[in-house]
Amino acid sequence: MEQVIGDVQKGIQTRRSVNLFCEHSAFLSQKEPTSIDEALADHNWIIAMQEELNQFERNKVGTLVQRPKDRSVVGTKWVFHNKLDESGSVVRNKARLVAKGYSQSEGIDYDETYALVARLEAIRLLLAYACYNDFKLFQMDVKSAFLNGEIKEEVYVDQPPGFEDPKKHDHVYKLDKALYGLKQAPRAWYEKLSQFLIEKGYRKGKVDTTLFLKKHGIELLIVQIYVDDIIFGSTNNTLCNEFAELMKDEFEMSMMGELTFFLGLQIRQTSEGTFIHQEKYTKQLLKKYELTNSKHLSTPMSTNAIVEKDESGKDADPSLYRSMIGSLLYLTASRPDILFSVCLCARYQSAPKESHLTHVKRIFRYLSGTTNLGLWYSKRSLFDLIGYSDADFAGCKIDRKSTSGTCQLLGDMLISWHSKKQASVALSTAEA
């Protein structure tokens, strides 16, 4: 009885007895706590923290030992986050126990660190390939992925705040497996996952090491890894089901289903093709910078616009300017139409002027009328690789350097693009 949260005399409120809005608010906390004390006052976050500690125990991450005198001990803290779905509704309260890895010393506490992430071009390429071969992509999330990775170094961490053993206050955990926040955690998880998949007959990509392939005759299964998120698809649905069961048997998985939302990209897979957009993110930016009701413009930048240093102009807020540029750069993951304008404005982040800010706000005014634009991959498209490259001539008025622009397509499907000022001055169009 003492383990039951709340008043047992009040009875139970079922999901059926509340409307859709109350359904979320009754069973999930809508607010992210800012401290452990605030979290411990909310039973929803207590449950979330207990789930994380259950993963800690289930994966046998560490053992409680006497605090060592000759070794440093890494502190721990809780990180709280509400996971949202595509519509912005809270679907899960997530509490993560994190090690304060910034206190680790290279060569003593760890030797090598890296995180396995796929390039956005690789994700778009995979979406185009799946569209061309007429199969759907699915997504699964590994619960507490880093807790599965085995570490070779001797690492000690403090007990979880708020959940210390009352009889062993002076004890710490000696880790056998990685903990979120440790420098070597991503590497340990990647080694564990890649070794497991290779043992099961999967082949690692030679160029993209986050890609794994498995062939069954003429059928192909593709697996793309992005830290603890896994995208997979196959020309045969049976292979997808087998892969899902294989992963569930080895790791604890969640959120398996059709790929609809990934790295801020909204993905709609239909019978006609695949649409990739960032409408939700765009609306959030417009709201953040109070430009939702701004006048719509048909282009991100005027054709005769001159963007230069403007040394005599009035200074703009550098933090605001850099924040807006950073947000827009992330938006170019699905909006190549704003790439040149954003990159041009990004050259003046060190000392932005009001004239530069005006150009950036024009881009937002263009976005406010085109929030639903994105990339369309048609299933009727061919799959030939086509590349286009061009450059202006001495486009930069300051140093007379040209700006190059390229785009690469698979048939009609645009998968990669870039706009960049050249490193040296080109003396001819051919050289540019």
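Within the largest nonpolar core, which comprises 52 residues, the members that touch the most others are Leu175, Leu179, Val223, Ile230, Phe243 and Met247. The greatest contribution to this core comes from helix α5 (residues 185–199), which supplies 7 residues. The model under discussion is a predicted one.

Leu175 illustrates the contacts in question. Leaving aside residues up to four places away in sequence, Leu175 touches Phe56, Val61, Gly62, Ile151, Val155, Val157 and Leu182. Another core, of 29 residues, lies apart from the largest one; its members include Leu127, Phe135, Ile222 and Leu409.

**Helix packing**

Two packed helices are described by the angle between their axes and by the distance between those axes. For helix α7 (residues 279–288) and helix α8 (residues 318–331), the angle is about 170° and the axes are 11 Å apart. Angles over 145 degrees count as roughly antiparallel, and α7 and α8 are therefore roughly antiparallel to each other. On the α7 side the contact is made by Tyr281, Thr282, Leu285 and Lys288, and on the α8 side by Ser323, Ser327, Tyr330 and Leu331. By class, the residues of this contact comprise 4 nonpolar, 3 polar and 1 charged.

**Positive phi values**

Leu263 and Ala394 each have a positive phi without being glycine.

| Residue | Phi | Loop between | Relative accessible area |
|---|---|---|---|
| Ala394 | about 50° | β17 (385–391) and β18 (403–410) | 8% |

The cut-off for burial is under 20% relative accessible area.

**Cysteines**

A disulfide is a covalent bond between the sulfur atoms of two cysteines. How many disulfides does the structure hold? The number is 0. A pair of cysteine sulfur atoms would have to lie within 2.5 Å to be assigned as a disulfide. For Cys343, the closest cysteine sulfur is that of Cys345 at 9.5 Å, which is too far for a bond. Cys343 is partly exposed, at a relative accessible area of 21%. Cys407 likewise takes part in no disulfide, since the nearest cysteine sulfur, belonging to Cys343, is 14 Å away. With a relative accessibility of 23%, Cys407 counts as partly exposed.

Technical notes: Residues numbered from 1 in each chain as written. Predicted model: local features only at pLDDT ≥ 70, side-chain atom pairs only at ≥ 80, totals over all residues. Heavy atoms only, no water. Axes fitted to C-alpha atoms, helices over the stretch in contact; angles between N-to-C directions. Helix = DSSP H or I, 4+ residues; strand = E, 2+ residues; numbered from the N terminus. Parallel < 35°, antiparallel > 145°, perpendicular 65-115°, else oblique. Contact = heavy atoms within 4.5 Å. Nonpolar A, V, L, I, M, F, W, Y, C, P; charged D, E, K, R; others polar. Core = buried A, V, L, I, M, F, W, Y, C linked by side-chain atoms within 4.5 Å. Buried < 20%, exposed > 50% of the residue type's maximum accessible area, 1.4 Å probe, protein only.
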